[in-house]
Amino acid sequence: RESDHRAWTPVTYTVTRQNATIQGLIQGKAYFFRIAAENIIGMGPFTETTKEILIRDPITVPDRPEDLEVKAVTKNSVTLTWNPPKYNGGSDITMYVLESRLIGKDKFHKVTKEKMLDRKFTVEGLKEGDTYEYRVSACNIVGQGKPSFCTKPITCKDEIAPPTLDLDFRDKLIVRVGEAFSLTGRYSGKPAPKVTWLKDDIVVKEDDRTKIKTTPTTLCLGILKSVREDTGKYCVTVENSTGSRKGFCQVNVVDRPSPPVGPVIFDEVFKDHMVVSWKPPLDDGGSEITNYIIEKKDTHKDVWMPVTSATVKTTCKIPKLLEGREYQVRIYAENLYGISDPLISDEMKAKDRFRVPDAPEQPVIKDVTKDSAVVVWNKPYDGGKPITNYIVEKKETMATRWVRVTKDPIFPGTKFKVPDLLEGCQYEFRVSAENEIGVGDPSPPSKPIFARDPITKPSPPVNPEAVDKTKNSVDLSWQPPRHDGNGKIIGYLIEYQKVGDEEWKQANLTADSCPETNYKVTGLTEGLTYKFRVKAVNAAGESDPAHVPDPVEVKDRLEPPELILDANMAREQHVKAGDTLRLSAVIKGVPFPKVTWKKEDHEVSPKADIEVTGVGSKLEIRNTLHEDGGMYSLTVENPAGSKTVSVKVVVLDKPGPPRNLNISDVRSDSCYITWMEPEDDGGSVITNYVVERKDVASAQWVAISSSSKKRSHMAKYLMEGTQYLFRVAAENQYGRGPYVETLKPIKAIDPLHPPGPPKNLHHVDVDKTEVSLVWNRPDRDGGAEITGYLVEYQEDGADEWTKFQTVPMLDCVVTGL
C-alpha cells in the first residue's frame with residue numbers, strides 16, 4: 001500500500017519462491033509491503049515492512065557535462081562555459097571540477113575553487129603564448145563523474161576585432177523644448193571598446209536629465225525634458241586598441257523665441273505717427289524669426305490695438321496717433337514654434353520734436369596753397385533729424401558778403417578742399433548744417449589765412465646705395481626725402497668723386513633729367529674706386545647731399561644663382577583635385593639666371609602657366625588632375641653657377657575602379673563577391689568599398705554594403721532564379737571612385753551535380769537473345785530532375801562497354817544479344 005493510503009493492494013498469490021519483483025510502482029512515492037505464507041489449510045499471518053520504502057532509481061555518479069565551450073580568450077585568461085550532464089546520477093549536482101593541461105605535459109590539473117556550482121569560469125594568471133586544453137566533471141553525493149570531452153588547444157592571446165557601430169539615429173534631429181530624446185545604437189569589437197559621448201567636442205556627463213547607458217553590445221544617450229542648451233553636435237566614439245568609429249547627430253532643440261531685445265527706440269516721433277526700432281531676440285528658439293507682431297496702446301486705455309503682424313524688419317511705423325496722447329508699443333517675435341513674451345516700450349507722447357541742426361564750432365583751415373585750402377569742422381547736434389548736407393562759405397577778410405564755395409552737396413565728410421582762391425588774398429570760412437527741417441545757423445568764422453604756397457628746401461634723399469655695377473658704370477638707388485618742403489620734388493642731382501680727388505663731378509646737369517629714385521652713372525674707368533652722393537631738388541632749391549656709405553670699385557659683378565623658396569615649395573605639396581597648384585620661389589643672381597621648370601626630367605604640361613619676373617618665378621596649374629602629380633624641379637643657371645630644387649606634388653583625388661571583380665560560390669540565395677584594390681588610390685588611403693546589386697529587370701541599383709574595408713562580400717538574400725548584376729566602387733576621404741561592374745548577369749541557382757548511381761539493378765527475365773532489367777532510383781538527383789537512364793552491356797571477358805539506349809523509366813529490355 002502507498003504510505004498515505006490505508007488500503008492494501010494484492011500484488012500476486014502465486015509466488016513459490018522467497019522473493020518477488022513488484023511492477024507498476026510510481027517513482028517518488030513511498031510504499032509499505034506485507035507478505036503471508038499459504039498452504040492447503042489456509043493463509044497465515046502477514047509480516048509487514050517496518051518502515052516505508054521510497055521508490056527511486058539507484059544513485060550513481062553523474063554523466064559527463066555537455067557543450068564545454070570557450071567564450072573569450074585574452075593574453076592571460078580563458079573564459080569557459082558548459083551545460084549540465086544529461087543525467088545527474090539520481091542525485092543533485094553538488095559541484096563542478098574544471099581541469100587544464102598545458103600542451104606538452106601529461107597531467108591535468110584542477111583549476112576551479114571548491115564547491116563551484118556556476119557553469120561559467122574564467123581561468124586567470126595564464127602566460128601569454130601558452131597553449132592549454134580543458135575538461136570539466138560533475139560531482140554529486142556519490143562522487144565525481146566522467147570528465148567532458150576536451151576543448152581544442154587554446155593559445156593565450158588577445159582577441160582583436162576593430163570596432164563596429166550601427167546607429168539608430170540620423171544626421172539631424174529636431175526636438176521641441178521639454179520633450180525627451182535618445183540616441184541609441186549597437187556596437188562591437190575586441191577587446192571591448194570604450195564608448196565616449198561628446199557634445200560640441202566636450203565630454204557629456206550624467207546628471208538629473210542626462211542618462212548614459214552602455215551594455216556590452218548597445219549604447220544609449222537619453223536626455224529628459226530637453227532645454228535649448230541641449231542643442232549641439234553630438235558625437236559617439238567607439239574605440240579599442242585596433243581603431244575607432246564615430247557617429248554624429250546635430251540635435252536642434254527648438255522653442256518659441258525669447259523676447260525682442262530692448263529698449264524700443266523711437267527713431268522718429270510726429271504728432272500723428274512714430275517710427276520705432278528694436279533688436280532681434282538673443283535666442284531665436286532654434287528656428288529663424290518668421291515675423292514680428294506689433295501692438296500699440298493709448299496709456300489712458302487698457303486695450304492693445306494691433307499695428308501689424310507681417311513684418312520681418314526690426315523697425316515699424318506706428319500710424320493713426322492722436323496728437324498730445326501718450327502711447328506704449330509692445331512687440332512679439334514669432335517663429336514656427338510659437339510667439340515670444342512681449343517687449344514693452346516706455347511711454348512716448350505724439351508730437352513733433354525735430355528742429356534744424358545747431359551751428360558747428362569754429363572750423364580749422366589746413367593745407368593752404370596759392371589757390372586752395374582745406375576746411376575742417378566737427379559735426380554739430382543734428383536737431384533730431386539726420387544731417388543731409390553741409391554748406392561751406394568763404395569771404396575775403398575786408399569784404400562783407402559770404403559766398404558758397406560749391407553748389408554740390410557736401411556729405412557725409414566733415415572737411416572740404418576749397419578751390420579757386422586768388423594767390424596772395426586773405427580769406428575767412430564758415431560752415432552751416434542742413435537736415436530735412438531746414439538749414440541751421442552758420443559757425444563762427446575761421447581764423448584768416450593767406451592763399452600762398454609755403455615751400456622750403458627738401459630734406460636729403462634717404463638711404464642712397466650702389467645696387468649694381470659693370471666695368472664702366474654704377475647703378476644707384478635711393479628713397480625720396482622725408483620732407484619735400486611743401487613743394488613738388490622736381491628731380492635729383494647725382495655727383496661722383498674719384499677717391500683721392502677733392503673735386504665732385506656732376507653725373508647729370510639738371511634735376512629734371514632724373515625724376516625717379518635711381519640713376520646709372522656711366523663713363524667711369526674700370527678698376528678705379530669712386531664715391532657718390534645725391535641731392536633732392538624742389539622749387540625752393542637743392543637739399544643737402546646724401547652720401548653712398550662706402551666707395552665703389554668699378555668692375556663687372558658676378559653672383560651665383562640663389563633660390564629663396566616660398567612655403568609652397570616644401571618637400572611635398574598636397575593639392576586637392578580641381579584646385580590650383582602654385583609653386584613659386586624668389587630668385588637672385590648676377591646676371592639674372594636662366595629659369596627652367598621640369599616634371600620628372602621632362603617638359604611640364606602645356607596647361608601650366610609659367611611666369612618669370614626680375615625677382616622670381618611662379619608655376620601655376622588650374623583645375624589639377626590626378627596625373628598632374630609628380631616630382632617638379634626648378635633650375636636656375638648663370639655663368640657663376642646653377643641651383644636646382646625639387647618638390648613632390650601629390651594631387652589628391654577619388655580612387656580608381658577596383659580590379660578583378662569576380663563572382664563565385666553562386667547559390668539559390670547567395671553568392672561570394674571578391675575584387676582587388678584599385679591601381680590608383682587617389683593619393684589617400686581607401687577607407688571603404690561600396691557594393692551594389694541590380695536585378696537585370698530593374699533600373700535601380702541597391703546598396704548591399706557601404707562600409708566594408710574587406711575586398712570581399714557575401715551577397716545574401718537573393719531570389720532564386722533571378723538574374724543579378726553586381727558592381728563595386730572604392731571610397732577615400734575625397735569621394736567615391738568609378739564603379740566596376742560584372743560583365744554578365746549571374747543567375748541565383750544552386751550548382752548542379754551528376755546524379756548518384758541507380759540502385760538494385762537485376763534481371764527479371766532472360767531469353768536467348770534478350771534480357772529484361774529493372775532497377776531503383778538513385779539516392780541523390782544532383783539538384784535537378786533525372787531525365788533518363790543510360791543502359792550499357794559488356795560481353796563477359798571484354799574490356800569495352802557497348803551503349804544500348806537511354807530510357808526514361810526504371811526498366812529496359814536489352815535485345816540483339
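**Reading the model**

A: Let us begin with a single residue in this predicted model. Gly104 lies in the loop that runs between β7 (95–102) and β8 (109–110).

Q: Is Gly104 buried or exposed?

A: The relative accessibility decides the class, and a residue is called exposed when the value is over 50%. Gly104 has a relative accessibility of 71%, so it counts as exposed.

Q: How many helices and strands does the protein have?

A: The count is zero helices and 68 strands. As for overall form, the radius of gyration is 53 Å, well over the 28 Å given by the globule rule for 817 residues, so the protein is more spread out than a compact globule. Along the principal axes, the C-alpha atoms fill a box of roughly 180 × 100 × 70 Å.

Q: What share of the residues is buried, and what share of the contacts joins residues 24 or more positions apart?

A: Of the 817 residues in the protein, 36% are buried. Among contacts with a separation of 6 or more, 62% are between residues 24 or more positions apart.

Q: Which residues does UniProt list for "domain: Ig-like"?

A: A record can be set beside the model. The unreviewed UniProt entry lists residues 163–252 and 561–646 under that name. In the model, residues 163–252 are 0% helix and 64% strand, with the end C-alpha atoms 28 Å apart. Residues 561–646 are 0% helix and 62% strand, and there the end C-alpha atoms lie 16 Å apart.

Q: Which residues lie nearest the centre of the largest pocket, and what classes make up its lining?

A: The lining has 34 residues, and Val11, Thr12, Arg34, Ile35 and Phe46 lie nearest the centre of the pocket. By class, 17 lining residues are nonpolar, eleven are polar and six are charged. Both β2 (34–38) and β3 (43–48) supply at least two residues of this lining. The largest share, five residues, comes from β2.

Note on methods
Residues are numbered from 1 along each chain as its sequence is written. This is a predicted model: local features need pLDDT of at least 70, side-chain atom pairs count only at pLDDT 80 or more; totals for chains, interfaces and linings use all residues. Side-chain values use heavy atoms; hydrogens and water are left out. On a 1 Å grid over the protein atoms alone, a cavity is a set of points where a 1.4 Å probe fits but cannot get out, and a pocket is an open set with protein on both sides within 12 Å along at least five of seven lines; lining residues have an atom within 4 Å of a point. Helices (H or I, at least four residues) and strands (E, at least two) are DSSP runs, numbered from the N terminus. Ala, Val, Leu, Ile, Met, Phe, Trp, Tyr, Cys and Pro count as nonpolar, Asp, Glu, Lys and Arg as charged, and the others, Gly among them, as polar. UniProt positions are given in the numbering used here, feature names are shortened, and annotations may be inferred rather than shown by experiment. The radius of gyration is taken over C-alpha atoms; the globule rule is 2.2 Å times the number of residues to the power 0.38. Buried means under 20% relative accessible area, exposed over 50%, partly exposed in between (1.4 Å probe, protein chains only). Contact means heavy atoms within 4.5 Å.
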